[in-house]
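Please read the following report on a single chain alongside its sequence and structure.

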Amino acid sequence: MRLYSQMTLAELQEEMERLRSQAEEKKKAGDESQFGIIQQKYFMAKSYYLGTDEFRIGGKYSVPEHDQPFTIDYFNGVFAWGRFPGSDEQTGFPVGMLDDWFG
């Protein structure tokens with residue numbers, strides 16, 4: 001299998017669809033462990049598909065399973081590094097996990 005960084009946008013889109021389908025199957029089967037692994041692969045493929053251009057340093061974004069906004073400090077590849085309110089600890093997420101914050 002080729003690296004996501006070497007795939008075209010069309011190939012990444014196909015990979016995301018394949019992973020989405022696999023994730024649905026694992027979730028229906030109750031295989032939460034495999035579902036989580038496939039979901040992470042999906043977020044990585046989506047990150048390479050999106051790139052970092054539509055995200056901005058200082059921007060606030062929502063992250064699945066977090067109820068507070070995530071503020072981006074910097075990028076490293078397709079990862080956004082930043083903080084949640086009240087935390088001094090930096091955390092990194094693939095940009096494919098981030099959505100606009102509407103809180």
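R83 is partly exposed, with a relative accessible area of 30%; the term covers values between buried, under 20%, and exposed, over 50%, using a 1.4 Å probe and protein chains only. This is a predicted model, in which local features need pLDDT of at least 70 and side-chain atom pairs count only at pLDDT 80 or more, while totals for chains, interfaces and linings use all residues. Residues are numbered from 1 along each chain as its sequence is written, and side-chain values use heavy atoms, with hydrogens and water left out.

The side chain of R83 meets that of D73 in a salt bridge, 3.3 Å from N to O. A salt bridge here is a side-chain nitrogen of Lys or Arg within 4 Å of a carboxyl oxygen of Asp or Glu. This pair links distant parts of the chain, R83 being in strand β3 (residues 79–83) and D73 in strand β2, 10 residues apart. Helices (H or I, at least four residues) and strands (E, at least two) are DSSP runs, numbered from the N terminus. D73 is also partly exposed, at 29%.

By this rule the count comes to four salt bridges. Two others are set out below.

| Pair | N to O distance | Relative accessible area |
|---|---|---|
| E15 and R18 | 2.8 Å | E15 8%, R18 37% |
| E17 and R20 | 3.1 Å | E17 45%, R20 35% |

E15 and R18 both lie in helix α1, three residues apart, about one turn of the helix. The spacing of E17 and R20, also in helix α1, is three residues, again about one turn.

Next comes the nonpolar core. Such a core is a set of buried Ala, Val, Leu, Ile, Met, Phe, Trp, Tyr and Cys residues joined through side-chain atoms within 4.5 Å. The largest one has 22 residues, and V63, F70, I72, F93 and L98 have the most contacts inside it. Two or more residues come from each of α1 (9–28), α2 (32–50) and β2 (70–76). The largest share, five residues, belongs to α2. In soluble globular proteins, nonpolar side chains tend to be buried together.

Leaving aside residues up to four places away in sequence, F93 touches V63, H66, F70, V78, F79, A80, F84 and L98; contact means heavy atoms within 4.5 Å.

D100 is in strand β5 (residues 99–100). D100 and E17 are 83 residues apart in sequence and 22 Å apart in space, C-alpha to C-alpha.
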